[in-house]
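Welcome, and thanks for taking a look at this one with me.

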Amino acid sequence: MPQPQPQPKPKPKPSLLAAQALNGQHAETLELPYADEQEFDEIDVEEQQQLLESGPEARKLSLGHRRKVNLPHLIVINEVSNEPEILSLNSTTSTPTPPPTERDQDREREREREHFVPGLRRNSISLPSGINSLDLEALRLRHQMQAQEALHEESRTESIVDDISASSVGTPTVVTVVPDSVNSHGNDKDDDDDSSDEFGNVKKPVYRDRFRSRRRASIAPLPALRLNSKEMLASDFDTHSVASNQASITSVNSLASLLREKMQMIRKKKRETKDYKIKIFVIMMFFIIIFLIGYAYIAYHQQLLTRSYFQKIKFNSKDRIFRILSHDDKEVIHGHLGVTLGSDSAPFHCLEENRRSDGSVCIEWNGIARLHMNFEDKNVFRCYTLQWQALTPGLLPTDCYELKRDNGLWFGGGITKGQEWSLSYANFDFMPYASGDNKVHQFGNAVKRYFINSIGVAMQVSERTPLQLGINRTENQFCLRAANDDFTFVNRLTPLPQLDYKICTTEDMRSLHMLMTQQSLWDGLTEQDIGELHSLLEEPVWQMPNQETRDSLNETIICDYSENAIAMGLGHIVINEFWQENIGDFTVDRARFPTLKDTIDVLHRRGFKVVFTIQPFISTDSVNFKDAVARKLLIYERYSERSIPALTRYKSSSSAGVLDITNNASVPWLIEKLQRLKDEYGVKSFYLDLGTGYNLPHYYQCRQPLDNPDMYARMLTTSLESVGLMAVSTASVVPKPPTFLSTPPANGTWEGLRETLAAVLNYGVIGYPFVLPGAIGGDYLLERPLTKMVSFYSLGQPPLPDPELFIRWLQLATFLPAMQFSHLPDEYHSELVTRVAQELKEVRQTVVIALLKKYLSPSMNEGLPLVRPLWMLDPHDPACLIVSDEFSVGEELIVAPILDAGREEREVYLPQGVWKDGIDGSLRKGSRWMHSYRVPKDKIAYFRKMPDNTRF
């Protein structure tokens, strides 16, 4: 029969051990649990069996024994137990009782509520988990070195009682069990503290720990505890008060919980103030990151789609973004090609049969349009040719470029309706680029398909392109378009419109202008032509005064006018179209000029040169009209037989036909009649009054199609060079010298004065070096704006202008390439006007003419104008780009005229260098403004450039 296994001795419950400790019933062998030891009940059954079998010697030493210090022992008593058991303090065993009924449980809870004082709170303090034993030891040592405050016994007792009563319902009670060695010292100390006063001993003061308050005394840490899985000493902050340690009634978990709660409250307060800032910052960073990712994605794909052509062209064929780079890879022009194509069409390289053998790149948008790009290297200049071909009806090839870039301005194109100094200041919708009356049409009487930007870019459009120009300041666009219409480009040179132009770039705007306008004007010139050119620069032009009717002009008026003009100098006397009875007669009206030949001989002896005004128009009242119709020399009506001439209106003729210059018989017929005039009357030259492109019949049709209406004026001017032309009223190419280009007729107002200067400067920019301004004081006078072209009216000479206006106009004309008079200074009978006229005459003869002749050769060779805007002196000076009311004669003379009534001072800007004031002779330093510069009525501000080494 097997021997019964000895039952393991049950380990007493901690609550029973605590009760025995309170009654003093513990011995040296009493096995109390350590703070770093697991509860016996928490160990599973097998581990409990192993511990019991191993005996007491298997138990590890306590923390106090290991560190050789005397520590009090703490037992945590769970006073509210979930298990219904009855403990006897006098016995070591418990007698099980039957399970309590529901009424017993209610009674037990009621007793527990009565046992504890209402209102007691529960300490929930926790020790931070990051503190180790070394930190606590350092804190204890630092505390012991600090001075302590004296604490009387009453306060000490009070503190202990308060701390003991601070535990709340459900909080485990902590009982301190002190070893004998500790108790002995503690009893001695208590005896000393409680000694009677009958011996006369003064009570020893008890020092209060400054870390101890009624609150802090209740949360002293345990004597021994486990923290972060390491055994450590309990805090012994208060070595002078054992009662304070004995009053510690909290657990390690509750201490850590309270400290964690305090730390969270502090952090929460700090976070509340910054919480919304953090949210805003996070949101902003989110959107910034999204934007950067999107931008990088787009830029990457744009880079992939952008290809380089000819090294300096960057072209994205999908979006059709076009860029040209300079020699140092800086972007100088940015444009959007094929604006009207749409974004849903994909490009591809052209088929072999559509490519060219000149090395150009061909890109096609299937069935819509085709683009050819080519490159031409001219050393420091780089030129790129672009040609669009429309492949579908209704498509209008359109390219747009930036209107303003890096403070650069566009110039060229001639004068516009608004008389803007620069195209960058204009604003108008697409208009056919053709000569017209700038009072009614968008462009003036002289055009040239040449545009230049101050940053070093120039454009030149082919004459075969049906060009329409549009400028949109709102969208910052300067656009070119190819589009046919029913008048200007009615002759379709190609089945569908084509846009063909060239872009050239260089670093210097001045040298680029020379490249684009360069042409040798010396070819074919004779000594007689050069002499005629010099005479136009040196001598004034006298425009015979006339009225609205032809009867107002006769031989007497011509003779009297020439006698009065001698005082101002000799020159060319221009007789208007009234020298003939009807426009187109090409014969002198003998009824009014019976002895015109003799009169002209007198004028020649006086030193004058007589010029007749001629037109290509033939009045229906002229004797030559029937002859021209019979010979089919006139432009005929479109969609009709060639025998039916197309009629138009021009000046004094309300109905007139136009010579067909493309008819090989027309030019010889006209030259014969003009040569007869020269031979019979001794006429030196002619003033060719062509009108404008809009003076042609609306439904005109020539024997050979014209590229555009301005081609008519070009062909006629070239054809009549042999008979001698002093000037022309309209041009699209530079006429051969000594022929000048006349500015549009000017109204006799201050506005007309400003328009004259703008016309001279703009025509010089597009390559017309020799410009004949209108008559001083104006060509006509109208107080109201015109609704039709000036050329539709036969306007007489304006009345005598205001003296101030005449003086300021005369001052301006003195420095222009040529001077033209209608009214004579003597007509004012004013000493001031006469004196000013004589002084200006001397200035022109001694200063201006010498400079004009000096710069005549560069103008003939390089296409530079005689009178230039300031930016041609220094294209890199931003101030020179914006100054529109100053100009230079060559590179040595700056003129700043007064262009407004009643003003005797103005702002003057001088480019770099040293300049001599023409009024007082003082020296002025350049690259600066002169504010409120005084200009008296009888003076004009001009400055002569001095050598760079001039000292002052």
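1. Let's begin with Cys702, which is buried, with a relative accessible area of 3%. Please keep in mind throughout that this is a predicted model.

2. On to the disulfides: a search of the whole structure turns up three. Counting bonded cysteines along the chain, their pattern is 1-2, 3-6, 4-5.

3. Cys350 and Cys362 are joined by a disulfide with an S to S distance of 1.8 Å. The link is left-handed, with -75 degrees about the S-S bond. Cys350 sits in the loop between strand S11 (347-349) and strand S12 (361-365), while Cys362 is in strand S12, 12 residues apart. Cys350 counts as buried at 2% relative accessibility, and Cys362 is buried with a relative accessible area of 6%.

4. The sulfur atoms of Cys383 and Cys504 are 2.0 Å apart and form a disulfide. This link of Cys383 and Cys504 is right-handed, at 110 degrees about the S-S bond. The pair connects strand S14 (residues 381-390), which holds Cys383, with strand S22, which holds Cys504, 121 residues apart. Both Cys383 and Cys504 are buried.

5. Cys400 is joined to Cys479 by a disulfide, S to S 2.1 Å. Its torsion about the S-S bond is about 110 degrees, so the Cys400 and Cys479 link is right-handed. Because Cys400 lies in strand S15 (residues 398-402) and Cys479 in strand S21, the pair ties together parts that are 79 residues apart in sequence.

6. Now the rings, where the count comes to 25 aromatic pairs. Why is the pair of Tyr433 and Phe443 edge-to-face? Their planes are at 70 degrees, with the ring centres 4.8 Å apart, and over 60 degrees counts as edge-to-face. Tyr433 and Phe443 are both buried. They also belong to one aromatic cluster, together with Trp410, Phe428, Phe451 and Phe478.

7. Phe487 and Tyr694 make a stacked pair, 5.5 Å centre to centre with 25 degrees between the planes. Phe487 is in the loop between strand S21 (477-482) and strand S22 (498-505), and Tyr694 in the loop between strand S30 (685-688) and strand S31 (700-701), 207 residues apart. Phe487 counts as buried at 9% relative accessibility, whereas Tyr694 is partly exposed at 22%.

8. Finally, two arginines to look for. Arg481 lies over the face of Phe430, 3.8 Å from the ring centre, and Arg638 lies over the face of Tyr700, at 5.7 Å from the ring centre.

Technical notes:
Residues are numbered from 1 along each chain as its sequence is written. This is a predicted model: local features need pLDDT of at least 70, side-chain atom pairs count only at pLDDT 80 or more; totals for chains, interfaces and linings use all residues. Side-chain values use heavy atoms; hydrogens and water are left out. Rings of Phe, Tyr and Trp (its six-membered ring) pair if their centres lie within 6.5 Å; planes under 30 degrees apart count as stacked, over 60 as edge-to-face and the rest as tilted. Buried means under 20% relative accessible area, exposed over 50%, partly exposed in between (1.4 Å probe, protein chains only). Helices (H or I, at least four residues) and strands (E, at least two) are DSSP runs, numbered from the N terminus. A charge sits over a ring if NZ of Lys or CZ of Arg is within 6 Å of the ring centre and within 35 degrees of the ring normal. A disulfide is a pair of cysteine sulfur atoms within 2.5 Å.
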